[in-house]
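The sequence and structure are shown first.

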Amino acid sequence: MTMAREHDGPVSGGPNWSVAVGRRALTYVLPFVVLATLWQVASQFFPPFLFPSLVDVFSRCIDIFLSWSQLSDVLATVGRILAGLAGAFVIGALLAVLMFRSRAVNEFLLPILTLFQGIPALSWVVFAIIWFHGIEPRIFFIMVMTTLPAFTFQVLAALQGMARDLTEMVMSFRPTRLQLFRVLIIPAVLPDILTAWKVNLGNASRVVVVAELVGATGGVGYELLQQQQVFDMAGALAWTLQLVIFVLIAQGVLSFVEAIAFRYRAVSERTL
């Protein structure tokens, strides 16, 4: 009877992965399908400069990928985003370490960073135009100043959040500085660093467009300005999608790095 019961059907409680993956994919894709459908319906009742057909938008996207002169503008914007984020991260990490090690430095820099966080990106654009002559220094300055506070606060919070008992246990083994950095500090701060990069990627993609709209002669922001001058909504959407694609790819890379770096973490069988 036991054998018969075992062959009556599948064991209850086993996860149906195909259904779960399909449901998750549907949940993720369905909003975009609904939005695209509504846009396509609107394109049938409004002029193209308001709601262009999705066929025209994707056709313009393909033209951007196939034309080196246009693709180079996308790559220029991507390079500016990555350079600005890298510079802000390096400076922010150094400031966070100094603030963590010295209370006087922390009390001195904290109001300044809070002040910088409240300054809008457009104000930094105006300052950069007045202070700098070249296009690339202007954009690099704008990118660094708009993302620096977030990187600094995130790294500082990660350093301050390290468990004292764990730190004392590691120090009891008298590790070298390299071992302390590799065994204790990196695992403690890496989750917050990756989170900061994910958050700042979206902010940087918006800021770089503002910077390029004002002072650049190339890039996605400059091309958006050209589309606005001729009321080409299809072109404006196509160039906007270039930034969206970049952010999605970058987020995927960060998620992949996160999955590899934290594969040692136990997976809970229960959800909150």
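The model is a predicted one, in which local features need pLDDT of at least 70 and side-chain atom pairs count only at pLDDT 80 or more, while totals for chains, interfaces and linings use all residues. Residues are numbered from 1 along each chain as its sequence is written, and side-chain values use heavy atoms, with hydrogens and water left out.

Helix α3 covers residues 54-66 and helix α11 residues 233-261; they pack at an angle of about 60°, with axes 8 Å apart. Helices here are DSSP runs (H or I, at least four residues), numbered from the N terminus. Axes are lines fitted to C-alpha atoms, for helices over the stretch in contact, and angles run from 0 to 180 degrees between N-to-C directions. On the α3 side the contact (heavy atoms within 4.5 Å) includes Asp 56, Val 57 and Phe 58, and on the α11 side it includes Ala 234, Gly 235 and Leu 237. The residues of this contact divide into 11 nonpolar, 2 polar and 2 charged. Ala, Val, Leu, Ile, Met, Phe, Trp, Tyr, Cys and Pro count as nonpolar, Asp, Glu, Lys and Arg as charged, and the others, Gly among them, as polar.

Helix α4 (residues 68-101) packs against helix α5 (residues 103-118) at an angle of about 135°, with the axes 6 Å apart. This pair is therefore oblique as well. The residues that α4 brings to the contact are Leu 95, Leu 98, Met 99 and Arg 101, while those of α5 include Arg 103, Val 105 and Asn 106. By type, the contact has 7 nonpolar, 1 polar and 2 charged residues.

The structure also holds 11 aromatic pairs. Rings of Phe, Tyr and Trp (its six-membered ring) pair if their centres lie within 6.5 Å; planes under 30 degrees apart count as stacked, over 60 as edge-to-face and the rest as tilted. Two of the pairs are listed here.

| Pair | Centre to centre | Angle between planes | Type |
|---|---|---|---|
| Trp 39 and Phe 51 | 4.8 Å | 65° | edge-to-face |
| Trp 124 and Phe 127 | 5.7 Å | 90° | edge-to-face |

Trp 39 lies in helix α2 (residues 17-43), and Phe 51 lies 12 residues away in the loop between α2 and α3. Trp 124 and Phe 127 both belong to helix α6 (residues 121-131), 3 residues apart, about one turn of the helix. Trp 124 is buried, with a relative accessible area of 4%, whereas Phe 127 is partly exposed at 29%. Buried means under 20% relative accessible area, exposed over 50%, and partly exposed in between (1.4 Å probe, protein chains only).

Phe 231 sits in the loop between α10 (220-229) and α11. Phe 231 has a phi near 55°, a positive value in a residue other than glycine. Most residues other than glycine have a negative phi. Phe 231 is exposed, at 64% relative accessibility.

Gln 227, in helix α10, is buried at 8% relative accessibility. Leaving out residues up to four places away in sequence, Gln 227 touches Arg 60, Asp 232, Gly 235, Ala 236 and Trp 239.

How values were computed: Helices (H or I, at least four residues) and strands (E, at least two) are DSSP runs, numbered from the N terminus. Angles under 35 degrees count as roughly parallel, over 145 as roughly antiparallel, 65 to 115 as roughly perpendicular and the rest as oblique.
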